[in-house]
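I opened the notebook today with a few things to look up. Here is the entry, in the order I went through them.

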Amino acid sequence: MANLLVAQNVSKSFGDYTALNNVSLEIPEGTIFGLLGPNGAGKTTFIRIINQITYPDTGKVIFNGEDLKSEHVQMIGYLPEERGLYKSMKVGEQALYLAQLKGMSKSEAQKKLKYWFERLEIGDWWNKKVQELSKGMAQKIQFVVTVLHEPKLLIFDEPFSGFDPINANLIKDEILRLKENGSTVIFSTHRMESVEELCDHIALINKSNKILDGKLIDIKRDFRNGTYEVGIETANPDVLKKELATKFTVTKAQFRSLGDELKLRIQLQEGHTANDLLMYLTTQGLVTHFVEVIPTANEIFIETVKRN
Amino acid sequence: MDKLLLIIKREYMAKVRNKSFIVLTVLSPIIIVAMIALVVYLAKVNSEEKRIVAVLDESPFFSHQFTEGTEASYIDFSNISLEKAIDSVHAAGYYGLIHIPEGDKIDIVADKIQFYTKESPSMDILGSIEGKIEHKVREFKLQALHISPEVMNELESNYEMRIVNFSGEKNVKGISELKAFIGGGFGYLIMMFIIIYGAFVMRSVIEEKTTRIIEVIISSVRPFQLMLGKILGTSLAGITQFVIWIISAGLLTYGVLSVMGIEVDAFHNQANISPEAMETFNTTASQDTIQLYVNELVKIPWGTLIICFLLYFSLGYLIYSSIYAAIGAAVDNETDTQQFMFPVITPLMLGIYVGFFSVFENPHGPIAVAFSLFPLTSPIVMMMRLPSGVGGAGVPWWQLITSIIFLIMTFLFIVWIAAKIYRVGILMYGKKPSYKEIYKWLKYK
């Protein structure tokens with residue numbers, strides 16, 4: 001799979017403050033790429049560099065096989081975290097204006113806007129002024145304006161903020177549909193559950209440095225540590241617990257079930273497999289629950305940032 | 001280029017459709033004309049009001065001296081006491097009472113004349129009464145000296161200095177002031193335009209920052225395009241407003257004045273008298289002077305003046321409005337702009353004051369020259385000097401050219417700096433910027 005965007009050794013500082021330190025990233029075409037990191041890590045600076053709002057001090061960005069240049073802004077759609085609209089302008093006029101700034105012709109923009117407004121059921125807002133709209137309504141319009149010119153690369157910074165769960169779901173489905181249609185998406189958020197749901201790749205930036213990147217599934221594989229959640233019905237739970245503790249690392253587990261079986265989180269030692277554990281457990285009682293603990297994006301995030 | 005036009009169009013439409021802009025555009029000429037009409041009306045009412053002054057003359061000297069005049073009419077109160085006279089003046093609501101006491105000598109009598117009024121009398125009435133008394137006293141004195149009025153007329157002389165420039169052309173008094181006023185008008189126009197519409201540019205930048213649309217827009221266009229489009233769009237709206245003001249104020253003034261029965265045509269006819277027609281008049285001194293004024297006004301190099309005005313206006317406006325845009329970008333809200341406004345307004349004010357105090361006095365003196373070369377004041381000060389022409393007795397060519405070169409260089413420099421501040425500032429939130437902070441921004445890539 002080709003990379004749509006490659007950043008090579010990008011550094012950027014503002015005065016004495018280093019916002020990005022030698023960051024290299026590869027964003028494969030047709031994927032949803034999660035750009036994660038704590039507040040102030042340098043994500044926004046990186047996104048602004050892609051949008052050519054600021055320029056890197058050193059390093060370069062390659063877009064679609066070419067050095068990033070000003071014509072590329074037409075192939076990028078950007079929904080910033082801090083976003084707004086002109087308050088006293090009418091919705092339709094404003095959407096047309098923003099679409100034309102992205103290089104669309106007026107008639108083309110009108111046609112596409114009509115399609116999107118109908119699709120998101122906001123057709124009757126065309127002549128309303130933005131100040132009459134609620135925050136969520138304005139967010140919908142911003143979303144439409146971002147995707148309208150069918151960009152190759154979409155950048156969403158906290159796209160779900162301000163949406164109620166129904167509309168957030170609507171937008172999530174739209175993002176997935178855009179990916180299906182071949183767009184590449186950079187997705188920056190602090191909501192780890194949406195990272196789990198949406199992202200194929202992630203990169204983690206902390207204190208101006210990239211500290212982790214790759215396919216989400218590969219990263220999870222790297223972070224698995226042979227821990228299993230186990231439920232077992234046994235006559236003498238305390239004895240079993242002690243017995244298990246001599247062989248494995250055992251902690252209490254929390255999960256929902258119907259019975260009041262013993263719930264444990266068991267980490268395997270080097271050289272053991274899941275089968276070894278399972279076979280042993282079947283001799284001790286009735287196994288009701290046996291599942292590998294896959295590290296969540298949230299856990300990976302926290303652990304990696306802390307380790308740094 | 002297309003995008004720049006789009007931005008200009010949007011900025012223009014946003015400004016022109018703004019309610020307060022429309023109200024201001026429509027109301028201002030009406031208010032101004034209403035004020036002019038009110039002043040004219042009040043002046044007219046004032047002069048039409050007939051004021052009656054009673055005269056109680058107990059002396060033999062001033063009979064028939066107080067006759068009907070334009071400022072007041074006089075009523076003769078003879079043979080009643082002063083108290084009674086005061087009472088009746090009061091009761092009748094007359095303007096005042098002149099009391100001329102008894103006496104043998106006119107000097108002594110004149111010294112004792114008193115004017116009774118309810119409030120302090122107006123200057124024109126007082127002056128007229130004093131004039132009448134003076135006249136009579138002088139007449140008596142002349143008689144006492146045995147000088148006939150004819151001889152007195154012979155003695156009287158009215159002298160006026162004739163002013164001629166080195167090439168022998170006749171000059172008129174006050175013409176350099178008149179020229180300075182014309183230039184001052186242009187300079188003042190430039191200053192007002194900069195202050196009003198520069199602030200519009202600034203507010204529009206702040207609006208984009210506070211509504212947070214800025215980042216969406218500059219991911220599509222370069223910040224410099226946005227800044228330029230904003231400045232040009234706003235100034236086009238400003239020019240629209242000015243043109244509407246000038247046309248409607250002109251029409252309204254004409255209309256109102258003719259409704260009020262003031263002959264506007266009378267002014268026109270006077271102004272339009274051709275030199276030939278003037279000569280057929282029995283040329284008196286004053287008509288000669290008018291002729292000279294007209295000649296001088298025609299001699300003002302209007303072409304050069306207008307070309308220079310357009311040049312100084314555009315460059316001056318672009319310099320200042322880019323500073324305004326940079327200020328707007330540097331702050332989060334309008335209250336934070338105060339600390340930056342003072343240094344911007346100062347050179348403008350300086351230009352106007354230096355213009356009115358120094359250029360009027362001496363249009364080609366060292367101070368006038370210095371300030372018409374200094375690029376932040378030159379649009380105003382040079383415009384005040386230019387009506388006396390370029391070359392010869394006017395502004396030397398080298399000064400005009402140097403001033404324009406300085407202005408263009410400053411324009412490029414300021415716009416470059418402002419664009420840098422703008423580019424960084426529009427994305428900065430929550431920081432109260434200091435000059436030091438802004439200086440740091442200049443070094444960002």
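Which residue of chain B forms a salt bridge with A:Glu93? I keep in mind that this is a predicted model. I found B:Arg17 as the partner of A:Glu93, with the closest N and O atoms 3.1 Å apart.

**Entry 1: the contact between the chains**

I then asked how many salt bridges the rule finds across the interface of chain B and chain A, and it gives 3. The A:Glu93 and B:Arg17 pair is one of the salt bridges found by that rule, its closest N and O atoms lying 3.1 Å apart. For polar contacts, I noted 8 residue pairs between chain B and chain A, both residues being at pLDDT 80 or more. Next I looked up which helices chain B brings to the side that touches chain A: H1 (2-17), H7 (175-210) and H8 (214-218) each supply at least two residues. H1(B) gives the largest share of that side, 6 residues. By type, I wrote down 9 nonpolar, 3 polar and 10 charged residues for the side of chain B that touches chain A.

I also took the overall numbers. Chain B puts 22 residues into the contact and chain A puts in 29. The two chains bury about 2600 Å² between them, and 57% of that is on carbon and sulfur atoms.

**Entry 2: chain B as a whole**

I counted 18 helices and 6 strands in the secondary structure of chain B. Of its 445 residues, 42% are buried. I also checked contacts in chain B between residues at least 6 apart in sequence: 70% of these join residues at least 24 apart.

Is helix H16 of chain B, residues 378-385, enclosed or open? I found it largely enclosed by the rest of the structure, because 8 of its 8 residues are buried. Among them are B:Pro379, B:Met382, B:Met383, B:Met384 and B:Arg385.

**Entry 3: what the record says**

I looked up UniProt for chain B, where an unreviewed entry places the feature "transmembrane region" at several spans, including 21-43, 180-201, 367-385 and 397-419. I checked two of these spans in the model. Residues 180-201 of chain B are 100% helix and 0% strand, with the end C-alpha atoms 31 Å apart. Residues 397-419 of chain B are also 100% helix and 0% strand, and their end C-alpha atoms lie 33 Å apart.

For chain A, the unreviewed UniProt entry carries the annotation "domain: ABC transporter" over residues 5-232. I found that stretch of chain A to be 34% helix and 30% strand, with 49 Å between its end C-alpha atoms.

Key: Residues numbered from 1 in each chain as written. Chains lettered and ligands numbered in written order. Predicted model: local features only at pLDDT ≥ 70, side-chain atom pairs only at ≥ 80, totals over all residues. Heavy atoms only, no water. Buried < 20%, exposed > 50% of the residue type's maximum accessible area, 1.4 Å probe, protein only. Helix = DSSP H or I, 4+ residues; strand = E, 2+ residues; numbered from the N terminus. Contact = heavy atoms within 4.5 Å. Buried area = accessible area lost by both parts, 1.4 Å probe. Salt bridge = Lys/Arg side-chain N within 4 Å of Asp/Glu carboxyl O. Polar contact = N/O pair within 3.5 Å; in protein donor to acceptor, adjacent residues only side chain to side chain. Nonpolar A, V, L, I, M, F, W, Y, C, P; charged D, E, K, R; others polar. UniProt positions renumbered as here; feature names shortened; annotations may be inferred.
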